[in-house]
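Let's take a walk through this protein model, one packed piece at a time. Keep the picture open while you read.

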Amino acid sequence: MTLLPHFPWLVVLLAVVLLGDATLSLRPPAFIRNCLTGVGFPRQWWWTLIVIKVLAAVGLLIGLRVQGVALAASTGVICYFLCAVVAHVRAGFMGRELWINCLGMLTLAVVTAVTSFVG
């Protein structure tokens, strides 16, 4: 059994999206600021989310060559966005930031993991 992704382009897509999100978060536009503020995430910790997204993207890309790393990274991305969903629900912040941004990213991460590593 190989733990390299069956669809490397999907893993690359997820990595590129995460890097884009991390880049946007360096100087967050209104929709990112509203999202983080809406769930009550402390501003002094916003930088940690950038680090997590960059590390996840790097793990995904390394995992194209090193068995198991992309699976571990995509699992981490799924956990990250599941936590984000929980934060939205707990805060009652159920606007488009949840439905488009958060659940969209969660869907991409789940589709990437399932199609790349199952079967």
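## The core

The largest nonpolar core has 27 residues, and those with the most contacts inside it are Leu-14, Leu-18, Leu-60, Val-77, Phe-81 and Cys-102. Helices H1 (8–26), H2 (30–38), H3 (46–62), H4 (69–91) and H5 (96–117) are the elements that give two or more residues to this core. A nonpolar core here is a set of buried Ala, Val, Leu, Ile, Met, Phe, Trp, Tyr and Cys residues joined through side-chain atoms within 4.5 Å. Buried means under 20% relative accessible area, exposed means over 50%, and partly exposed is in between (1.4 Å probe, protein chains only). Helices (H or I, at least four residues) are DSSP runs, numbered from the N terminus.

This is a predicted model: local features need pLDDT of at least 70, side-chain atom pairs count only at pLDDT 80 or more, and totals for chains, interfaces and linings use all residues. Residues are numbered from 1 along each chain as its sequence is written, and side-chain values use heavy atoms, with hydrogens and water left out.

What does Cys-102 touch, leaving aside its neighbours within four places in sequence? Cys-102 is in contact (heavy atoms within 4.5 Å) with Phe-81, Ala-84, Val-85, His-88 and Glu-97.

## H1 and its two partners

Two packed helices are described by the angle between their axes and the distance between the axes. Axes are lines fitted to C-alpha atoms, for helices over the stretch in contact, and angles run from 0 to 180 degrees between N-to-C directions.

Start with H1 and H3: their axes are 8 Å apart and the packing angle is about 160°. That makes H1 roughly antiparallel to H3 (the label for angles over 145 degrees). Their crossing is left-handed, meaning that the near helix is turned anticlockwise from the far one by less than a right angle. On the H1 side, the residues making the contact include Val-11, Leu-14, Leu-18 and Ser-25, and on the H3 side they include Ile-50, Lys-53 and Leu-60. By class, this contact of H1 with H3 has 14 nonpolar, one polar and two charged residues. For these classes, Ala, Val, Leu, Ile, Met, Phe, Trp, Tyr, Cys and Pro count as nonpolar, Asp, Glu, Lys and Arg as charged, and the others, Gly among them, as polar.

Now for H1 and H5, whose axes come within 9 Å and cross at roughly 155°. That makes H1 roughly antiparallel to H5, and H1 passes H5 in a left-handed crossing. Leu-14 and Leu-18 are among the H1 residues making the contact, while Met-105 and Leu-108 are among those of H5. Here the classes come out as 10 nonpolar, three polar and no charged residues.

## H3 against H4

H3 and H4 have axes 7 Å apart and pack at an angle of about 150°, and are therefore roughly antiparallel to each other. H3 passes H4 in a left-handed crossing. Among the residues in contact are Ile-52, Gly-59 and Leu-60 of H3, plus Ala-73, Val-77 and Tyr-80 of H4. They divide into 10 nonpolar, two polar and one charged.

Leaving aside its neighbours within four places in sequence, Phe-31 is in contact with Leu-24, Glu-97 and Asn-101. Phe-31 and Asn-101 are 70 residues apart in sequence, and 9.2 Å apart in space, C-alpha to C-alpha.

Arg-90 lies in helix H4 and is exposed, with a relative accessible area of 74%. Arg-90 and Val-39 are 51 residues apart in sequence and 7.8 Å apart in space, C-alpha to C-alpha.

Conventions:
Parallel < 35°, antiparallel > 145°, perpendicular 65-115°, else oblique.
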